[in-house]
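Student: I would like to learn how to read the features of a structure. Could we go through one together?

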Amino acid sequence: MAACIFCKIIRGEIPSMKIFESEKTLAFLDIGPLAKGHSLIIPKFHGAKLHDVPDEHLAEIISVAKRIAVAQGVEDYNILQNNGRIAHQVVDHVHFHMIPKPNEKEGLG
Ligand code: 5GP
Ligand code: ZN
């Protein structure tokens, strides 16, 4: 979709810090992180809400989230996915937040 921010990121028209990319999936760091290492995992298919995206374009997402958790070495984290304004969705391209929750010793989160 031409005007979509995340489609522009997929096409490389807007810069991003990519941390994973495959044929159907892209993960990159969130520009406004809620915690160190906060990333977004998106299908390379434009759909505003989860039910707009065919299963084949979502199949890899959880696997990628697991790989990011292992790669980041985080034990505690949230996977969040918002649909619609009332549910706090701001960007209308399906995305899964991967939000590490650092332990208290690290002083964040
Ligand atoms: P939502 O509230 O829609 O679930 O979350 C949208 C997320 O996208 C927010 O955490 C916001 O910081 C992030 N975001 C919005 N625009 C950009 C951008 O241009 N680049 C990156 N990397 N993240 C963005
Ligand atoms: Zn899009």
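**Reading the model**

Tutor: Start with H95, which sits in the loop between β4 and β5. Helices (H or I, at least four residues) and strands (E, at least two) are DSSP runs, numbered from the N terminus. This is a predicted model, in which local features need pLDDT of at least 70, side-chain atom pairs count only at pLDDT 80 or more, and totals for chains, interfaces and linings use all residues. Residues are numbered from 1 along each chain as its sequence is written, while chains are lettered from A and ligands numbered from 1 in the order in which they are written.

Student: What does UniProt list for H95?

Tutor: An unreviewed UniProt entry lists H95 under "active site". UniProt positions are given in the numbering used here, feature names are shortened, and annotations may be inferred rather than shown by experiment.

Student: Is H95 buried or exposed?

Tutor: A residue is buried if 20 or more other C-beta atoms lie within 10 Å of its own, exposed if 12 or fewer, and partly exposed in between, with C-beta atoms placed from the backbone. H95 counts as buried because it has 23 C-beta neighbours inside 10 Å.

Student: Which residues does H95 touch?

Tutor: Two residues are in contact if their C-beta atoms, placed from the backbone, lie within 7 Å. Not counting residues up to four places away in sequence, H95 touches F6, L40, I41 and I42.

Student: What is the mean pLDDT of the chain?

Tutor: pLDDT is the predictor's confidence in each residue, from 0 to 100. The chain has a mean of 95, and 94% of its residues reach 70 or more. The scores for the model are ipTM 0.99 and pTM 0.95.

Student: How many residues does the largest nonpolar core have?

Tutor: In soluble globular proteins, nonpolar side chains tend to be buried together. A nonpolar core is a set of buried Ala, Val, Leu, Ile, Met, Phe, Trp, Tyr and Cys residues joined through C-beta atoms within 7 Å. Here the largest has 17 residues, and A27, L40, I41, I42 and M98 have the most contacts inside it. At least two residues of this core come from each of α1 (5-11), β2 (25-29), β3 (39-43), α2 (61-72) and β5 (96-100). Leaving out residues up to four places away in sequence, A27 touches I19, F20, S39, L40, I41, V64 and I68.

Student: Which residues are closest to ligand 1?

Tutor: A residue is near a molecule if its C-beta atom, placed from the backbone, lies within 6 Å of it. Ligand 1 is surrounded by 14 residues, of which I31, G32, N82, V90 and V91 are the closest. For classes, Ala, Val, Leu, Ile, Met, Phe, Trp, Tyr, Cys and Pro count as nonpolar, Asp, Glu, Lys and Arg as charged, and the others, Gly among them, as polar. The shell around ligand 1 has eight nonpolar, five polar and one charged residues.

Student: Where is V91 found, and why does it count as partly exposed?

Tutor: V91 is in the loop between β4 and β5. It is partly exposed because 14 other C-beta atoms lie within 10 Å. Apart from its neighbours within four places in sequence, V91 is in contact with I5 and F6.

Student: What is the phi of H88?

Tutor: Phi of H88 is near 75°, a positive value in a residue other than glycine. H88 lies in the loop between β4 (77-80) and β5, and it is exposed, with 9 other C-beta atoms within 10 Å.

Student: What separates residues in sequence and in space, taking A69 and N82?

Tutor: A69 and N82 are 13 residues apart in sequence and 20 Å apart in space, C-alpha to C-alpha. A69 is in helix α2. By contrast in topic, take P102, in the segment after β5: the C-alpha atoms of P102 and D76 are 26 residues apart along the chain and separated by 7.0 Å.
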